[in-house]
Amino acid sequence: KMEASEATTVQAYDPSQLEELLRAYYTWLFPHDRYFQWLQYGDIGTFSHREFSFTIKGDIYVRYKSFESQEDFEKELKKDVPEKIDIGAIFSVQPSRHKSVPQASLKPVQKELVFDIDMTDYDEIRTCCKGANICNKCWKFITVAMKTVDRALREDFGYMHILWVYSGRRGVHCWVCDREARFLTQEARVAVVEYLTLIKGGEHQVQKVKLPNHLHPSISSALHIIKQDFNTLMMEQDFMGTKDQCSKILSFFRDEKKKNDLVAEFEAQRYTSGTKWSRLVTDLRQQDHVNEVMLQWAYPRLDVNVTKGINHLLKSPFCIHPKTGRVCVPIDFKHLDTFDPLAVPTVSDLCRQLEEIKTSGDEKMHRLMYMKTSLQPYMSYFIRHFLNPLLQSLGTSARGGKSAPPSIISPSLHNRPPPS
C-alpha cells in the first residue's frame, strides 16, 4: 500500500520534462538569496572559495565550480540547468582555478560537518520495503536515527546550528554549521563519526552490537530515545514474524533452557511480534542483551565515508531529486514525528503552482516567489529556526569580519570508551 503511494507521487512527476521544470524552478523558485546568506557565513570570500559540482543533462558530472557572487551562481544555474547540485569544501584558492594553480596550493580549509543516513542500510532489518522504496513505516528508522544523532551533536559536542535535510528519495543529510564544526580536521571528523558508530560487522555477522558492562551516557541516552519507538517498530516491521527472525534475536541471549521454552511456546501459540518480544523481555530478564537487540535494530546507521572526508561532496539542500522530482527540503525537527517524505512537494507541483500565480497576475516580490508555493513551510523553518540564529551567532562575522578557526575538538569526544 505504501509503496503504491510512492508510485502515485512519482507518476505525477514526468522525468522527461525535468529540464523544462528545472529551468522554471531555478528562475523563479530556488531560494538564491537565503542560500547565499547561508553559505557565505557573513564573508563573501567564503562563498567564492566554495566548491560546487553540477550534474547536467546526459549524466555529465562537473566538479570544481565556484562563483564570485550570488548573481554569478544564479546565472550559472539558469544556464547549465543542473539535474543535481553537490556542495563541497571551502578551499584556499577558488576551485574554478584548479587547473591554473599548483595542486599543492588547492587545499580544503573548512566544510560543514556532515552526515548521511540512507534507508538502504536498513534493508537487512526492515520488512516493508527494499532498495529505493520507502514508506511511512520504515521511515520511522530514519526518525529514530535523526533524534539519536541530533541529541548527541547538541548535548555531547555542544553544537547548535544543525540543519536536517530530506535527500529527496530515501534518506536524510545532516549539516552541522557551527564554526567549530566547519574547521574540524579530517582526523577530528573521523573521531566524531566513530563516536557515533555502534553497529559493526559484515552482513553475515549476526550480532553487531556488544555492550560493555558499564554503559557510556551517550549509549544510555540513545537507548532512551529508541525505547520510545521500539515497540512500534517491532510490531510494524514484524521483527519476530518468522522462525528465522526469532532465532536471530534469541541468539543474543545466553539462557539456553529458557530460550528453548520460548521457542516451543512461540511455535504453539500464534503470537504477534509484539507479544513475542514482551514474553522474551519478561522471561529472560537479561537487560544488557535486550539493549543490544534494540540498538542493533534501531541505532543510527551512518555512511561513515561521507563524514570522514573534508573533500567529500554532498547533495545540496533545495535541489531536485531527478528520480522522484521531490525537493530536498529542510526538516522541521519540532515536527519530526509527523514529517512525511512522500508528501514533500515535487518540482511538478511547484511549477503548476507557479503557473497559477502567474495566471492570477500576482508576480510581485520575485525573489520571494517560493513563499507563495508549497515550499513556504519548509522555507519558513529554514529562515526562522536555522538561518537567522546562525547569522546572529556569527556576530561580527555576519557583517564581514573574520575570526580565527578553533584548533581543538570538543573534549567530550575523548571521554567515551570504545563501545565493544
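A residue counts as buried when its relative accessible area is under 20%. Keep that cut-off handy as you click around this predicted model.

**Stop one: Leu262.** Select helix 11, residues 256-268, and pick out Leu262 inside that stretch. Leu262 has a relative accessibility of 1%, so it counts as buried. Now show what surrounds it. Setting aside neighbours within four places in sequence, Leu262 is in contact with Leu250, Arg279, Leu280, Asp283 and Leu284.

**Stop two: Thr307.** Next, jump to helix 14, residues 304-308, where you'll find Thr307. Is Thr307 buried or exposed? Its relative accessibility is 2%, so Thr307 goes down as buried. Leaving out residues up to four places away in sequence, Thr307 touches Leu113, Val114, Phe115, Arg189 and Val193.

**Stop three: a pair of helices.** Finally, colour helix 6 (residues 139-156) and helix 9 (residues 217-237). Their axes are 10 Å apart and the packing angle is about 170 degrees. Angles over 145 degrees count as roughly antiparallel, so that is the label for helix 6 and helix 9.

From helix 6, select Lys140, Phe141, Val144, Lys147, Thr148, Arg151 and Asp156. Across from them, the helix 9 side includes Ser218, Ala222, Ile225, Asp229, Leu233 and Glu236. Colour this contact by class and you get six nonpolar, five polar and six charged residues.

Notes. Residues are numbered from 1 along each chain as its sequence is written. This is a predicted model: local features need pLDDT of at least 70, side-chain atom pairs count only at pLDDT 80 or more; totals for chains, interfaces and linings use all residues. Side-chain values use heavy atoms; hydrogens and water are left out. Axes are lines fitted to C-alpha atoms, for helices over the stretch in contact, and angles run from 0 to 180 degrees between N-to-C directions. Helices (H or I, at least four residues) and strands (E, at least two) are DSSP runs, numbered from the N terminus. Angles under 35 degrees count as roughly parallel, over 145 as roughly antiparallel, 65 to 115 as roughly perpendicular and the rest as oblique. Contact means heavy atoms within 4.5 Å. Ala, Val, Leu, Ile, Met, Phe, Trp, Tyr, Cys and Pro count as nonpolar, Asp, Glu, Lys and Arg as charged, and the others, Gly among them, as polar. Buried means under 20% relative accessible area, exposed over 50%, partly exposed in between (1.4 Å probe, protein chains only).
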